[in-house]
Amino acid sequence: MSQPPPTPVFTPTPDPLTPDRDVTHAHFQAGDTVVVLKGAAGGELWGDAMRVVTPSWHTPTDEDGWRLRDATGGAQSYITAHPRYLVHLSRRCPDCLIYLRAMEDYLLPKYADGEAIVDCGWYTTTALGQLMHVADARSGS
């Protein structure tokens, strides 16, 4: 008998890096495979892998974002996200590698002992289908 996949453990954890990350809209291109980092599992970072589809307006930040498609589908297969939330998976770009390493250095020591999937609670999806980092929430959002 197979066991169900592990359920993520929600652990509120500050994210001091993503809100200050300076990534332009031009950093990503349609067709890029990206990940939105959400936490740690088994000594590694984990997140949602998606494919960049088309430019879009990201209302929560009043900046240009990207329309993303979740290849696994689910209840909502398309969302819009700000570029600073994304990390390249499809190519090794220096900016994304530096950010990834900084996130590893910050987050992994906090959860090095456990095998649980830890969701740090950094993101929510708005009623408009836009991925929003909790640090980007505006009053009344």
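This is a predicted model: local features need pLDDT of at least 70, side-chain atom pairs count only at pLDDT 80 or more; totals for chains, interfaces and linings use all residues.
1. Two strands, β3 and β8 (123-125), each put in at least two residues, and β8 gives the most, with 3.

2. Now step back to the whole chain. You can count 1 helix and 9 strands, and from the N terminus they come in the order β-β-β-β-β-β-α-β-β-β. The radius of gyration is 15 Å, close to the 14 Å from the globule rule for 141 residues, so the protein is as compact as a globular protein of that length. Its C-alpha trace spans about 40 × 35 × 35 Å along the principal axes.

3. Next, the inside. Of the 141 residues, 40% count as buried. The largest nonpolar core holds 29 residues, and those with the most contacts inside it are Phe 28, Val 34, Leu 37, Leu 68, Leu 86, Leu 107 and Leu 131. Among the elements giving two or more residues to this core are β3 (44-58), β4 (63-69) and α1 (94-107), but the largest share, 5 residues, comes from β2.

4. Have a look at Phe 28 on your screen. Apart from neighbours within four places in sequence, its contacts include Val 52, Trp 66, Leu 86 and Cys 96. Across the protein, of the contacts between residues at least 6 apart in sequence, 62% join residues at least 24 apart.

Terms used. Residues are numbered from 1 along each chain as its sequence is written. Side-chain values use heavy atoms; hydrogens and water are left out. A nonpolar core is a set of buried Ala, Val, Leu, Ile, Met, Phe, Trp, Tyr and Cys residues joined through side-chain atoms within 4.5 Å. Buried means under 20% relative accessible area, exposed over 50%, partly exposed in between (1.4 Å probe, protein chains only). Helices (H or I, at least four residues) and strands (E, at least two) are DSSP runs, numbered from the N terminus. Contact means heavy atoms within 4.5 Å. The radius of gyration is taken over C-alpha atoms; the globule rule is 2.2 Å times the number of residues to the power 0.38.
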